[in-house]
Amino acid sequence: MTDVMSRTRVLLAENPVLAIVIGTLLMLAADEAIAPGFASARQISGQLTVAAILGIVAAGQGLVILSGREGIDLSVASVMSLAALTVGNVMGGDNALTLPALGVSLAVGVSARMFNGLGVAVLRIPPLVMTLRTAGVITGLLVVLTQGQTSGAASPLLQGFIGQPFLLGLPGILWVWVVLIAGIHLMLTSTRFGFNLYAVGSNDLAAELSGVRVRWTRIVTYGLSGLFSGFGGFCLLGYTGTVSVGASEQYILPSVIAVVIGRAWSWW
Amino acid sequence: MIARPGLMTRLRRNPISLAVALLVVLIVVNALLQRNFFKPGIMLSNLTTFLPLMMIAVGQAFVVKGGSIDLSLGAIVSLVNVVVVVIAERVGGTGGVFMGMAAGVAAGLACGLVNGILIAGVRLQAIMTTFATSIVIGGLALRVLPQAGGALPAAYYITYGGWVVGLPFVLIVLGVLVGAIGWVGRSAFHTHLTAVGANRQGAYQTGLPVARIRIMSHVIAGGMAAVAALWIPGVTGAGDPLMGQAFTLGSVSAVVLGGIALSGGWGYVLGAVLGGAILGFINNIIFFANIPYQFQSIVQGVIILLALAAGIFVSRKPG
């Protein structure tokens with residue numbers, strides 16, 4: 001008996017994904033027991049839609065954390081709000097402007113986060129304080145610009161993409177989420193950038209000596225994570241219809257927690 | 001024979017020199033904006049305002065030097081604050097105030113102990129653990145006192161802002177704080193803590209009780225946050241369950257500005273005191289520069305980023 005238990009433990013420890021799937025199923029069962037109907041297909045799809053935004057943002061957070069040297073980004077929420085507010089005002093509820101708005105959100109996310117990357121990689125400011133302070137500046141800026149009011153409007157197209165069934169009864173955002181997961185996995189396991197990122201994250205001195213452009217890799221990683229925050233902001237706007245400054249606060253620490261639960265964590 | 005490094009090199013390698021330089025710059029700017037800056041009364045009132053953050057930053061510094069971090073310090077401040085005010089009010093009189101203070105400090109130490117056991121004993125990840133405990137502790141604070149209010153006897157804040165045995169009370173507190181840092185700095189515990197922070201594996205293999213040392217650092221931080229919380233009603237005269245929040249990340253910023261590496265094992269704890277003063281002066285400058293209210297957080301963020309960027313001129317950590 002103890003043998004089975006210890007073997008299960010080793011199995012779960014070696015396969016975090018399996019552990020997470022089992023944990024999720026257990027929680028779903030508990031939810032169903034407490035509130036019958038929770039495990040219905042509709043409800044699960046709704047839950048996944050909410051989770052997808054966090055999942056997308058957390059993917060960017062995971063990349064930053066992988067890049068090592070105490071990498072963390074606490075500016076996710078402010079960048080999301082920045083992207084969502086910019087996009088909402090660009091789009092103004094117009095279907096035709098949805099795609100250009102997507103481009104804007106990604107550009108906003110990347111440039112804001114590249115700034116963090118520069119501070120961390122070039123000025124060697126610890127990421128925790130660097131990202132926290134840029135978050136303060138961005139939020140302050142948004143408060144001035146929006147006067148604390150909600151602003152901007154999502155186009156019906158975007159709202160449908162987040163909320164309405166698209167393929168096999170699931171909304172479009174879930175399919176994008178799946179594609180993004182596959183894309184990140186491919187990037188990390190079979191591109192030069194992915195290998196460089198792991199090298200920089202586990203030992204940046206050794207990476208530098210073997211010819212990896214450490215600073216550049218870090219800056220690109222922060223920028224890339226901004227892509228996910230920008231897109232997260234875009235989706236958040238689609239989910240809620242209109243956005244205010246504080247709308248994304250709830251994503252800061254959960255994005256880190258999601259990474260920790262997913263075990264991409266190597267420091268502290 | 002290796003030549004002794006020059007003065008500039010030594011300054012660059014000293015973790016605390018950046019903090020000193022920043023402090024000098026800020027004091028000059030502050031003195032230009034605030035005419036009566038060097039009057040003893042004004043300097044004391046500045047110190048009165050800065051002291052709580054300095055203390056919390058010192059607690060954070062011990063945790064960070066040991067290679068951990070505590071994001072629940074602000075919540076601990078809130079909890080202790082309301083515990084002191086509520087107990088002092090319920091019991092009443094001088095006895096009640098002292099009972100409240102004792103209970104508050106005990107609560108702070110207990111929170112630190114829980115954090116330490118979870119992080120060093122159960123080996124949970126520090127940022128997440130202390131973030132989670134901060135939610136629990138903050139919830140407790142709201143349970144103890146749901147709304148800001150309550151009042152301490154006037155003697156409490158009169159003592160805090162007043163003079164004891166011929167010296168301003170806050171100056172005595174600062175003296176005790178710096179003295180205590182110096183005393184701990186020379187102890188074996190401090191050497192062990194630095195070793196644990198710099199190389200946990202190595203410290204363990206040398207036979208140091210790593211878990212106990214790390215737990216101890218969290219208990220110190222909880223205690224410092226509690227003691228800091230005792231001074232706050234000395235400034236505001238009341239209890240507020242939400243007042244501590246700003247202290248958590250302020251203390252981390254102060255530690256970094258004080259030249260202490262967040263990766264552990266590098267820097268002087270005294271730097272945290274300077275870091276706290278730096279943040280205090282920045283707030284002062286923003287106030288006296290008459291910056292419109294809605295722009296204050298932007299300006300504050302930009303100044304702190306610039307101060308952090310100045311770190312490029314010093315080495316953050318060898319290697």
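Let's start with chain B: of its 319 residues, 48% count as buried. Keep in mind that what you're looking at is a predicted model. Chain B touches a partner, chain A, and the contact takes 26 residues from chain B and 25 residues from chain A. Here's a quick tour, chain by chain.

**Chain B: overall build**
- Chain B is built from 14 helices and 2 strands.
- A compact globule of 319 residues would have a radius of gyration near 20 Å, and chain B agrees with that, because its own value is 20 Å.
- If you boxed up the C-alpha atoms of chain B along the principal axes, you'd need roughly 70 × 50 × 40 Å.
- Take the contacts in chain B between residues at least 6 apart in sequence: 80% of them join residues at least 24 apart.

**The nonpolar core**
- The largest nonpolar core counts 168 residues, and B:Ala225 and B:Ile278 are the ones with the most contacts inside it.
- Helix H11 of chain B, covering residues 210–236, supplies the largest share of this core, with 15 residues.
- Leaving aside residues up to four places away in sequence, B:Ala225 touches B:Ile56, B:Gly59, B:Leu73, B:Ile76, B:Val77, B:Val80 and B:Gly108.

**Where the chains meet**
- Back to the contact, with its 26 residues from chain B and 25 from chain A.
- On the side of chain B that touches chain A, the elements giving two or more residues are helix H6 (126–144), helix H12 (245–257) and helix H14 (296–309).
- H14(B) gives the most to that side, with 9 residues.
- Sorted by class, the side of chain B that touches chain A has 17 nonpolar, 8 polar and 1 charged residues.

**Chain A: overall build**
- Chain A comes to 12 helices and 2 strands.
- Read from the N terminus on, its elements go α-α-α-α-α-α-α-β-β-α-α-α-α-α.
- The globule rule gives 18 Å for 268 residues, and the radius of gyration of chain A is close to that at 20 Å, so chain A is as compact as a globular protein of that length.
- The C-alpha trace of chain A spans about 60 × 55 × 30 Å along its principal axes.
- Buried residues make up 43% of the 268 residues in chain A.
- Among chain A contacts between residues at least 6 apart in sequence, 78% link residues at least 24 apart.

Technical notes. Residues numbered from 1 in each chain as written. Chains lettered and ligands numbered in written order. Predicted model: local features only at pLDDT ≥ 70, side-chain atom pairs only at ≥ 80, totals over all residues. Helix = DSSP H or I, 4+ residues; strand = E, 2+ residues; numbered from the N terminus. Rg over C-alpha atoms; globule rule 2.2 N^0.38 Å. Buried ≥ 20, exposed ≤ 12 C-beta atoms within 10 Å, placed from the backbone. Contact = placed C-beta atoms within 7 Å. Core = buried A, V, L, I, M, F, W, Y, C linked by C-beta atoms within 7 Å. Nonpolar A, V, L, I, M, F, W, Y, C, P; charged D, E, K, R; others polar.
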